[in-house]
Amino acid sequence: MEIHKENHAREAALKEIVIKKLNYTLVTIQDELVQQNHEGECGIARRRPKRIIGGQDAAIGEWPWMAVLYHTRNRVHFCGGALISTNWVVTAATCINVSRVNESTLTVYLGKHDLDIVKSGINVDEIIVHPDYNLAFDADIALIRLTEHVVFTEKIKPVCLPSVEKAEQLLQPNTYGTVLGWGDTGEQRQFDTRNILQE
């Protein structure tokens, strides 16, 4: 019984440390992005006036924060993410869990538009999965720290993290956003797979 209590206490303490680290990292990144936003360096998509429901090829550099996650052992692009600072990418914890990647088997590509065009990727220093993540998609968030700081260009820029108030506004019913990514364009793999970034 005592061993069980000790293990439970250790797990609770570890969970609290991970949550604090996750929150601290996001706050630090948010502070950095506030400064960048004043300089016009984050969150600016080069939008085209016409939108097509059901998806279309994105223009090159239109979404400069999009990241591609690549499993080096399985040699497959398996998920997307968003660059949120010079060396942090946010993605879904599901991507990390299902793919079973770790720091040595994950490479991140930035500024990528066509998956068929070979570019050099960036190695990963650390992966932080929210400790409350579960298969019901609660707390479905993970942070990836890159081994190097990227230089922002027209094709590589971070997305802006919203304030709490803005995030609550954006998450209200009947608020629309744009879905981005590569891969299947429909449910249950019944549609074509796209290697060009879709919006």
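Author: The model is predicted, so local features need pLDDT of at least 70 and side-chain atom pairs count only at pLDDT 80 or more, while totals for chains, interfaces and linings use all residues. Residues are numbered from 1 along each chain as its sequence is written, and side-chain values use heavy atoms, with hydrogens and water left out.

Reader: How many aromatic pairs does the rule count?
Author: Rings of Phe, Tyr and Trp (its six-membered ring) pair if their centres lie within 6.5 Å, with planes under 30 degrees apart counted as stacked, over 60 as edge-to-face and the rest as tilted. By this rule, the number of aromatic pairs is 2.

Reader: What is the arrangement of the rings of Trp63 and Trp65?
Author: Trp63 is buried at a relative accessible area of 8%, and Trp65 is buried as well, at 10%. Because their ring centres are 5.9 Å apart and their planes stand at 75°, the pair is edge-to-face.

Reader: How many residues apart in sequence are the parts that Tyr70 and Tyr109 tie together?
Author: The ring centres of Tyr70 and Tyr109 lie 5.8 Å apart with planes at 85°, so this pair is edge-to-face. Strands (E, at least two residues) and helices (H or I, at least four) are DSSP runs numbered from the N terminus. Tyr70 belongs to strand β1 (residues 66–71) and Tyr109 to strand β4 (residues 106–110), so the separation in sequence is 39 residues.

Reader: Which residue in the turn between β1 and β2 has a positive phi?
Author: Two strands pair if DSSP finds at least two bridges between them, and β1 and β2 are joined by 6 bridges and run antiparallel. Within this pairing, Val68 stands opposite Gly80. The two strands form a hairpin with 4 residues between them, and the turn residue with a positive phi, about 55°, is Arg75.

Reader: How many residues of β1 are buried?
Author: On one side of β1 are Met66, Val68 and Tyr70, and on the other Ala67, Leu69 and His71, with both faces covered. The strand is largely enclosed by the rest of the structure, because the buried residues number 6 of the 6.

Terms used. Buried < 20%, exposed > 50% of the residue type's maximum accessible area, 1.4 Å probe, protein only.
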